[in-house]
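The stops below go from the whole chain to single residues.

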Amino acid sequence: MKTSRILAGFAMGALVVSTASAYVLLSPNRTWDTAPRIIVDSRGASSITDATRGVSATVAAITAWNGAGAGTMLTAVSGSVSGWRLGDGQPMLNFTDPQRACKGSCLAATFTGFYNQRADGSYRITDADIVTNTRYAWTSVAEPDGCSSEFYIEGVMVHEVGHLLGLGHSNVSGSTMYPSVASCNNGPATIEADDRNAINALY
């Protein structure tokens, strides 16, 4: 069984472990002012053979965070990522890696370093973008031939969107925000108790 680490926080450094739980919040703690709208690369992932190359599966999976905390956390739509630019205020999920940031055992990476300070001293997220490592074989739950040493796009992208919302890696095995996943394991696609505690601590 192949395993790989899910890399995130590429544009930022330190993560801080919460003392009240095993979850981790990005440091400094930061939130969106309004629910972000993520554009999901309409080209899809070339290794996924479902009808939309994983686009529909990814759009649906991203919204798993809705209801995990108070209210709607985000929306996702299929669209063009031809205007890809870090820090432009438009969150995008790119099924390739134009930044060449995701190397080695990295499945996907989220650029989380775009934030500024509010008047009250808290921090607002102004942008976050996700890239995918094309060297790995991907699948979706809608793919007709099932999974064979591939990684589920749903689980990995729910994890990455957790970073986009302000969460770091958890040290609770089985949580969505745990930093590694085995091939053919779609467990991270579901939001677990530790993940709910984390998102409620922020929002």
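This is a predicted model: local features need pLDDT of at least 70, side-chain atom pairs count only at pLDDT 80 or more; totals for chains, interfaces and linings use all residues.

Residues are numbered from 1 along each chain as its sequence is written, and side-chain values use heavy atoms, with hydrogens and water left out.

**Whole chain**

Colour by secondary structure: the protein has three helices and 12 strands. Helices (H or I, at least four residues) and strands (E, at least two) are DSSP runs, numbered from the N terminus. Of the 203 residues, 50% count as buried; buried means under 20% relative accessible area, exposed over 50%, and partly exposed in between (1.4 Å probe, protein chains only). Among contacts (heavy atoms within 4.5 Å) between residues at least 6 apart in sequence, 72% join residues at least 24 apart.

**The largest nonpolar core**

Select Ile38, Trp65 and Leu165, which touch the most other members of the largest nonpolar core, a set of 41 residues. A nonpolar core is a set of buried Ala, Val, Leu, Ile, Met, Phe, Trp, Tyr and Cys residues joined through side-chain atoms within 4.5 Å. At least two residues of this core come from each of strand S5 (37-41), helix H1 (55-62), strand S9 (123-132), helix H2 (153-165) and helix H3 (193-202). With seven residues, H2 gives the most to this core. Apart from this core lies another, of 10 residues, including Ile39, Met92, Ala101 and Cys106.

Centre on Leu165 and show its contacts. Not counting residues up to four places away in sequence, Leu165 touches Arg30, Trp32, Pro36, Trp65, Met73, Leu74, Ile125, Ile199, Leu202 and Tyr203.

Select H2. This helix has 13 residues and reaches 18 Å from its first C-alpha to its last, close to the 18 Å expected at 1.5 Å a residue; the expected span is 1.5 Å times one less than the number of residues. Because 13 of the 13 residues of H2 are buried, the helix is largely enclosed by the rest of the structure. Just after H2, Gly166 takes a positive phi of about 115°.

Move to H1, where six of the eight residues are buried, leaving the helix mostly covered. The buried ones are Val55, Ala57, Thr58, Val59, Ala61 and Ile62. They pack against S5, strand S6 (75-79), strand S7 (92-94) and H2.

**Around Tyr115**

Which rings have their centres 5.7 Å apart? They are those of Tyr115 and Tyr123, and the planes stand at 80°, so the pair is edge-to-face. Rings of Phe, Tyr and Trp (its six-membered ring) pair if their centres lie within 6.5 Å; planes under 30 degrees apart count as stacked, over 60 as edge-to-face and the rest as tilted. Tyr115 is partly exposed, at a relative accessible area of 24%, and Tyr123 is partly exposed at 25%.

Next select Arg124, found in strand S9. The C-alpha atoms of Arg124 and Arg30 are separated by 5.3 Å, though the two residues are 94 apart along the chain. Arg124 also touches Tyr115, one of a set of contacts including Thr31, Asp33 and Phe114.

For another aromatic group, select Tyr136, Trp138 and Phe151, which form one cluster.

**Backbone stops in loops**

Select Ser27 and Pro28, joined by a cis peptide bond with omega about 0°. Pro28 lies in the loop between strand S3 (24-26) and strand S4 (30-31).

Ser149 is not a glycine but has a positive phi of about 55°; its loop runs between strand S10 (138-139) and strand S11 (151-152).

End at Cys184, also not a glycine, with a positive phi of about 65°. Cys184 is in the loop between strand S12 (180-182) and H3, and at 32% relative accessibility counts as partly exposed.
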